[in-house]
Amino acid sequence: VMDLVRDFIIVCREILRNKLFLDLQSAIGVGSAFEGWHPHEEDIIYQVFVPFKPPLWHSFHLEQCDAGQMQTRNFRIRVDHECICMREQLVGDILCSLHHSAEELKNQRPSLLHTLCTDSYLDVQKTARWFHQLVKASWVSLPQFRDCRLKMMPFDRSCKFQVIKPNQKRFIIEIMFGVQQGDSDVFVTSQSTEALYTPSTVWTESYAVAEVKFFKHMARQAPQDSFHVKCLQLYSHILVGTGFSNYTLKTIVMHLLNSMPLSSWSRREFLMRLQDIMWYLRSCVEEKRLDHFFLGNENVPEEIILPPALQTAEPLNLFKHLEQDADAHAKALCEFSDLQDR
C-alpha cells in the first residue's frame with residue numbers, strides 16, 4: 001500500500017511541476033491497519049495521510065474556528081499570496097498577485113486560490129475532488145501495477161479507491177490530506193468529523209500520526225511476545241453493537257500502556273490485561289470521565305511532539321456527554337454490563 005501511494009505521489013509531483021497547486025509531502029500510514037490491530041481483517045481500509053505545503057509565493061495560516069470542550073478542534077486554512085514584485089522585476093515570468101488588478105491577472109496560469117479555495121480558505125471537498133482526478137490521471141503512469149484494476153469510490157472529504165489484483169483480491173485505500181502544525185505530530189486534516197454537517201472550509205485537528213507513532217514506540221520497547229495489539233483486536237470484536245467506540249478502546253489501552261511496565265503485557269498475562277481494560281472502562285463509565293490521551297497529558301512519551309498549546313491544555317473528557325445526559329449514562333452502564341457478559 002505504501003509503495004503504491006509513494007509512486008502515486010512521485011507521478012503527481014511530476015504532473016504538478018511548475019503549477020501553483022499543493023506541494024505534496026511523503027505519505028504516512030495511519031489508523032488501526034498501520035497500528036497492527038485492524039478490527040475487520042477481511043475488509044481492511046488502509047488509511048494513508050498525505051501532508052501538503054503551500055506552493056511557491058503562497059502561505060497558509062491556521063485559524064481555529066470553534067471553542068469550548070470538544071473531542072476535536074476545528075480550523076480553517078487561509079491561503080494568502082506573497083509579494084513577488086522583486087521576481088516580477090528581475091525575471092518577468094509572473095505577475096505579483098498582490099499588486100495587480102484582476103483584469104491584469106486574468107491570463108495568469110490558474111493558482112491555488114482560484115481552484116481549491118472558497119473565499120480565500122482551502123476547501124476540503126474541492127481538494128478531495130482535485131486529488132481524486134490526480135489519482136485517476138496518475139494510474140496510467142504506474143506500469144508496475146498494470147495488471148491491477150483501479151476502481152474509484154465516492155468521495156467527500158477524502159480520496160478513496162479500490163485496487164483489484166488479477167486474482168480478484170482487492171484492497172481499499174483512503175487518502176486523507178492536511179497541514180502539519182509547526183514541527184509537531186499533530187495535523188489539521190480532511191478527516192471526517194462526527195458532526196451531522198461540517199462546512200467544506202473546516203479542517204479537523206487529527207492525532208492519527210501521533211497515535212501510530214505511539215504504537216510504534218511501544219512496539220520497540222515491549223517484549224517480543226507482547227499481546228497489547230491482540231487485546232485491542234479482541235475487544236474491537238466484542239464492542240460491536242454497543243455504544244463504545246474503537247477510539248474509546250484505543251484511548252484506554254494507550255493510557256494503560258503508558259502507565260504500566262511493558263513487561264506486564266506478555267503472553268502469560270494476557271487475561272489479566274484484558275481484565276485491566278475492562279476495569280478501566282468500568283471506572284470511566286461510573287465516573288463519567290475518560291481523558292483524551294494527548295490533550296493535557298504531561299506523561300506522553302518524549303518521542304511524540306505536540307504543539308505547546310496541547311501540552312498545557314486542560315485535560316479533555318471524552319465522556320463529557322455522560323455527565324450532561326443522565327439517560328446516556330444509564331444506557332452506558334447497561335451496555336457495560338452486557339460487555340462483561342460477552
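Where does Thr201 lie? Select Thr201 and you will find it in the loop between strand S11 (187-189) and S12, where helices (H or I, at least four residues) and strands (E, at least two) are DSSP runs numbered from the N terminus. This is a predicted model, in which local features need pLDDT of at least 70, side-chain atom pairs count only at pLDDT 80 or more, and totals for chains, interfaces and linings use all residues. Residues are numbered from 1 along each chain as its sequence is written, and side-chain values use heavy atoms, with hydrogens and water left out.

Thr201 counts as buried because its relative accessibility is 12%; buried means under 20% relative accessible area, exposed over 50%, and partly exposed in between (1.4 Å probe, protein chains only). Leaving aside neighbours within four places in sequence, Thr201 is in contact (heavy atoms within 4.5 Å) with residues including Arg76 and Tyr121.

Select Arg76 and Tyr121 next: the charged end of Arg76 sits over the ring of Tyr121, 3.9 Å from its centre, a label that requires NZ of Lys or CZ of Arg within 6 Å of the ring centre and within 35 degrees of the ring normal.

Now turn to the aromatic pairs, of which the structure holds 16. Rings of Phe, Tyr and Trp (its six-membered ring) pair if their centres lie within 6.5 Å, and planes under 30 degrees apart count as stacked, over 60 as edge-to-face and the rest as tilted. Trp130 and Phe131 form an edge-to-face pair, 6.3 Å centre to centre with 70 degrees between the planes, and both residues are buried. Tyr207 and Phe294, by contrast, are stacked, at 6.1 Å centre to centre and 15 degrees between the planes.
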